[in-house]
Amino acid sequence: MSEKIRIAVLASGGGTNLQALIDAEHSGKIKNGEIVLVICNRKSAYAAERAKSAGIRAEIVTRKACGGQEGFEKRMIELLEEERADLIVLAGFLNILSNDFVRRYDHRIVNIHPSLIPAFCGEGFYGLVPHEAALERGVKVTGATVHFVNEVADGGEIIAQKAVEVLPGDTPEVLQRRVMEQAEWILLPAAVSQLCDEMSAER
Ligand code: GRF
């Protein structure tokens with residue numbers, strides 16, 4: 001049995017997508033992967049607590065402490081190399097990574113976005129904004145997308161998508177929660193599991 005694919009998760013917030021990945025790994029749904037590192041760019045990120053509770057190395061790395069984006073990315077690379085990360089998952093990671101960083105990990109960084117790309121994505125579409133835009137446009141279906149990360153914000157190759165109904169009376173908060181529960185928390189573990197199987201088979 002070859003070594004499992006080593007997964008690093010980058011998060012900035014509550015970490016519910018990280019938790020979905022942790023739960024999926026523990027329940028055997030991610031057979032060929034293991035989360036070995038969580039990096040949070042905010043001291044307040046509850047995602048770090050979730051990692052620690054699961055016995056996963058959690059590191060807080062902030063741009064401020066590293067003197068800017070270049071130092072921030074340098075420190076992240078040090079950690080990713082220390083833990084020999086094969087796959088990097090952005091799970092609510094609110095930082096625009098440089099082209100150099102993204103090219104360094106070509107087709108090894110994936111992101112979960114809370115809309116059906118190409119709708120409601122790109123610069124500034126994070127948090128509640130994609131859901132506010134979906135309600136504003138009056139779409140009847142939205143959802144989540146897992147995609148590779150390239151130099152274009154939310155512009156990388158699409159890996160998987162899952163649709164969710166928009167219901168009458170939805171507020172952005174209610175819609176966000178439904179998209180997380182019915183799409184993100186199912187789609188991301190499934191996509192990561194598939195990627196780990198593929199990467200493992202290529203070894
Ligand atoms: C999720 O809505 C995700 O789609 C977006 O940021 C949010 C992260 O939530 N990328 P959490 O930190 O995983 O709870």
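This is a predicted model: local features need pLDDT of at least 70, side-chain atom pairs count only at pLDDT 80 or more; totals for chains, interfaces and linings use all residues.
User: How many helices and strands does the protein have?
Analyst: There are 7 helices and 7 strands. These are DSSP runs numbered from the N terminus: helices are H or I with at least four residues, strands are E with at least two.

User: In what order do they run?
Analyst: From the N terminus, the order is β-α-β-α-β-α-α-β-α-β-α-β-β-α. The radius of gyration is 16 Å, close to the 17 Å that the globule rule gives for 203 residues, so the protein is as compact as a globular protein of that length. That radius is taken over C-alpha atoms, and the rule is 2.2 Å times the number of residues to the power 0.38.

User: Now the ligand. Which residues surround it?
Analyst: Gly-13, Gly-14, Gly-15, Thr-16, Asn-17, Gly-92, Ile-112, Pro-114, Met-180 and Glu-184 do. Near means that a heavy atom of the residue lies within 4 Å.

User: Which helices supply at least two residues of that shell?
Analyst: Helix H1 (16-26) and helix H7 (172-201) each do.

User: What polar backbone atom is 3.2 Å from a ligand nitrogen?
Analyst: One that belongs to Ile-112. A backbone N or O atom of Asn-17 lies 2.9 Å from a ligand oxygen. In the side chain of Glu-184, an N or O atom is 2.7 Å from an oxygen of the ligand.

User: How much of the ligand does the protein cover?
Analyst: The protein covers 86% of the 360 Å² of accessible area that the ligand has on its own. Those areas come from the Shrake-Rupley method with a 1.4 Å probe.

User: New topic. Where is the cis peptide bond?
Analyst: It joins Ile-117 and Pro-118, with omega about 15 degrees. Pro-118 lies in the loop between strand S5 (109-113) and helix H6 (129-137).

User: And what is phi of His-107?
Analyst: Phi is near 60 degrees, a positive value in a residue other than glycine. His-107 lies in the loop between helix H5 (99-104) and S5.

Technical notes
Residues are numbered from 1 along each chain as its sequence is written. Side-chain values use heavy atoms; hydrogens and water are left out. A polar contact is a pair of N or O atoms within 3.5 Å; within protein, one must be able to donate a hydrogen and the other to accept it, and residues adjacent in sequence count only if both atoms are side-chain atoms.
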